[in-house]
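User: Hey, can you walk me through this model? I'd like to start with helix packing and then look at the holes.

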Amino acid sequence: MRLSSYFLPTLKEDPAEAQIVSHRLMLRAGMVRQASAGIYSWLPMGLRVLRNVEQIVREEQNEAGCQEILMPTIQSADLWRESGRYDGYGQEMLRIVDRHDRDMLYGPTNEELITDIFRNSVRSYRDLPKLLYHIQWKFRDEVRPRFGVMRGREFLMKDSYSFDLDHAAARRSYNKMFVAYLRTFRRMGLKAIPMQADAGPIGGDLSHEFIIQADTGESEIYCDTEFLNFDTSNTEYGDDKHIKNIVDYYTSLYACTDEKHEQEVFEREVPEIRRYVGRGIEVGHIFYFGTKYSEKMNAAVTGPDGSDIVVEMGSYGIGVSRLVGAIIEAYHDDAGIVWPDSVAPFAVGIINLRSGDTACDIACEDLYAKIQAASIDVLYDDRDERAGAKFADMDLIGVPWQLIVGPRGSKSGIVEVKRRATGEREEFSLEAALSRVLS
C-alpha cells in the first residue's frame with residue numbers, strides 16, 4: 001500500500017477527550033473515529049489490526065475443536081424471558097420493539113440463542129460434545145462509556161459455547177478453552193494470567209477471567225511469576241490429561257485482583273522472589289454454568305438408556321475489539337504504538353526520504369515490489385513530506401520493521417533497517433535488508 005493514496009487521517013496532538021494511552025494513540029494513528037458515545041468507526045489501519053486479532057482468535061478456537069457459526073445481533077426477547085434473564089439484565093440491554101409490536105433486543109451475549117439452536121438441532125448423546133463459536137458485534141448500554149474501545153457500548157466479541165453430557169465432560173471442554181485462551185493471548189505477545197472470578201449476570205459456579213499485564217491497567221494484580229514463564233505452545237488438545245495438568249498447574253498458583261487479594265495468603269504461598277505486583281486489563285472470561293440455561297429452556301438429548309438428559313453448558317468470551325486497545329496499553333512508547341509482529345497492520349514500512357530523487361525512487365520501488373511478491377503486508381511512504389514527518393508517522397502507527405532509503409545510501413545500494421520495538425538501526429545492502437525483514 002502506498003501511503004500517498006492510503007486513508008490515514010493521523011493527528012499531531014493528543015485529543016482532549018482521550019483519557020488513556022490506547023484511546024489517544026488509536027485516534028492519533030487514524031485507527032478509529034467516534035461515531036457517538038462509546039461507538040466507533042474502524043478506519044483502514046484499525047480494521048487491519050482488528051482483523052489480525054480476530055484471525056488469531058479464530059485459528060486457536062478452530063485448533064481447540066470449535067466450529068464457527070454466525071448468530072444475528074438482534075434477538076427475540078421471548079428467548080430471554082424463557083431463561084428468566086430478560087427482566088433482570090438491567091438497563092445495559094438495548095430493548096427494541098419492531099413494527100409488529102414484538103419485543104426484540106440488541107444482544108449483549110448469546111446464551112439463550114445458542115441454546116435455542118442446540119435444542120432444535122441435536123437429539124442424541126452420540127452428537128456430543130459440541131463446541132460452537134461466533135465472532136459478532138455486541139451492544140451494552142454502559143452508563144459512562146469511556147476509554148475508547150476499552151469500554152465502549154458496541155464491541156466485537158468472540159463467544160463460544162460448550163454442550164456436554166455430564167459434569168466431567170463439561171469440565172474437559174472448560175479446560176480446553178482455558179488452555180486455548182492462554183495460547184491465543186501468547187500469540188499476540190501478551191502474558192495472560194487466569195484468575196478465579198465472579199460469574200456475574202452469566203451465572204454458574206466456576207469462572208476465570210484472563211488479565212494481561214499492562215502498566216496502565218484498570219486492576220491491580222498480585223500473582224506468582226511462574227504464571228509468566230509457563231509455555232503452552234506444544235498443546236495436545238486430544239490428550240485430556242495433558243490439558244488438565246496445565247489447568248491444574250495454573251489454578252494451583254496464587255493470582256488475585258485487588259478485590260480478592262489477601263496479603264497474608266500471598267506472602268505465605270508465594271516466595272518473595274516470585275511475587276509480582278502490577279496492573280492488568282481483563283481481555284477474556286470463561287464460565288461453566290451447568291444446566292442453568294439448558295434446564296429452563298429444555299435443551300436435552302436422549303441418553304444411552306433412552307431417557308432424556310439435560311445437557312451441561314459453558315460459555316467463553318474474548319473481547320476482540322477490546323484486545324486492540326489492550327495490546328496498545330501493553331506495547332507503546334513516547335513515540336507511539338509498538339505492535340507485536342503477529343497483529344501489526346503492516347509488517348514492513350518503507351520510508352523514501354526524498355521522493356522524486358531517481359536513485360531513491362528506484363530503490364524503494366524495487367523493495368516494494370519484492371516485499372509484495374513475498375506476500376508480506378508493506379506500507380510505502382512515497383509522500384512528498386519532510387523526513388521528520390515520515391519518521392514520526394511510521395513510529396506512531398507502530399510498523400515493526402522500517403526500511404529507510406535516502407539519497408546517500410541509495411547511490412551505494414545501502415538501506416537502513418530499523419526495528420521499531422528496540423529502536424535499533426543497522427545498514428544493509430538492499431538484498432540483505434530484504435532478507436532481514438522477510439526472515
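**Helix packing, then the spaces**

Analyst: Helix α10 (residues 358-373) packs against helix α13 (residues 430-438) at an angle of about 35°, and their axes are 11 Å apart. Axes here are lines fitted to C-alpha atoms, for helices over the stretch in contact, and angles run from 0 to 180 degrees between N-to-C directions. Helices (H or I, at least four residues) and strands (E, at least two) are DSSP runs, numbered from the N terminus.

User: Which residues of α10 and α13 make the contact?

Analyst: On α10 they are Ala363, Asp366, Leu367, Lys370 and Ile371, and on α13 they are Leu430, Glu431, Leu434 and Leu438. Contact means heavy atoms within 4.5 Å. By class, the contact of α10 with α13 has six nonpolar, no polar and three charged residues. For the classes, Ala, Val, Leu, Ile, Met, Phe, Trp, Tyr, Cys and Pro count as nonpolar, Asp, Glu, Lys and Arg as charged, and the others, Gly among them, as polar.

User: Before I go on, is this predicted or experimental, and how is it numbered?

Analyst: This is a predicted model, where local features need pLDDT of at least 70, side-chain atom pairs count only at pLDDT 80 or more, and totals for chains, interfaces and linings use all residues. Residues are numbered from 1 along each chain as its sequence is written, and side-chain values use heavy atoms, with hydrogens and water left out.

User: OK, holes. How many cavities of 30 Å³ or more turn up in the whole structure?

Analyst: Two. On a 1 Å grid over the protein atoms alone, a cavity is a set of points where a 1.4 Å probe fits but cannot get out, while a pocket is an open set with protein on both sides within 12 Å along at least five of seven lines; lining residues have an atom within 4 Å of a point. Grid points are joined across faces, edges and corners, and a volume is the space filled by probe spheres set on the points.

User: What lines the largest cavity?

Analyst: Leu182, Arg186, Leu190, Lys191, Ala192, Phe227, Thr232 and Tyr250. That makes five nonpolar, one polar and two charged, around a volume of about 60 Å³.

User: And the second largest cavity?

Analyst: That one holds about 40 Å³. Its lining is Tyr40, Trp42, Trp137, Val149, Glu154 and Ser321, or four nonpolar, one polar and one charged.

User: Which helix gives the most to the lining of the second largest pocket?

Analyst: Helix α11 (residues 387-397), with four residues. The pocket has a volume of about 310 Å³ and 15 lining residues, with Thr10, Lys12, Ala389, Ala392 and Asp393 nearest its centre. Eight of the lining residues are nonpolar, one is polar and six are charged.
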